[in-house]
Amino acid sequence: MATEQELQSLFNTLDTDGDGKVSKNELFLSPGLSAIISAETGVSSPQELLSMYGDEDGSITFEELKAVVEKAGNLK
C-alpha cells in the first residue's frame, strides 16, 4: 500500500523523459519499479496496465495510475 506522495515519487522515477506520462518503454527500463506498480494496481503486467487504463498513445498519466491504485484499494 502506498501513499499518494510515494506513488507520485515512483511515477516521477519512472517518467524518465519528464513528459508527465509513463510509456511502455519507461516501464520496461525499470522492471523492479514496474513490478511495484503491478503489485499496487493488481494488474499482472505493464502491457496490461497500459492497454486497460492508459491513453491511446500507450502511456499512463499520474492521475490515471492513481485511479487504478485507488480502485485496487492500495492507496493510503
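**Close-up views of a predicted model**

Two salt bridges, each a side-chain nitrogen of Lys or Arg within 4 Å of a carboxyl oxygen of Asp or Glu, are found in a search of the whole structure. The model is predicted, so local features need pLDDT of at least 70 and side-chain atom pairs count only at pLDDT 80 or more, whereas totals for chains, interfaces and linings use all residues. Residues are numbered from 1 along each chain as its sequence is written, and side-chain values use heavy atoms, with hydrogens and water left out.

**View 1. The salt bridge between Glu 4 and Lys 66.** The side chains of these two residues meet at 3.2 Å, N to O. Glu 4 belongs to helix α1 and Lys 66 to helix α5, 62 residues apart; helices (H or I, at least four residues) and strands (E, at least two) are DSSP runs, numbered from the N terminus. Lys 66 is buried, at 14% relative accessible area, while Glu 4 is partly exposed, at 36% (buried is under 20%, exposed over 50%, partly exposed in between; 1.4 Å probe, protein chains only).

**View 2. The salt bridge between Lys 21 and Asp 57.** Here the side chains meet at 3.2 Å, N to O. Lys 21 lies in strand β1 (residues 21-23) and Asp 57 in the loop between α4 and β2 (59-61), so parts 36 residues apart in sequence are tied together. Lys 21 is partly exposed, with a relative accessible area of 28%.

**View 3. The surroundings of Leu 14.** Beyond its neighbours within four places in sequence, Leu 14 is in contact (heavy atoms within 4.5 Å) with Val 22, Glu 26, Leu 27, Ser 30, Leu 33 and Ile 37.
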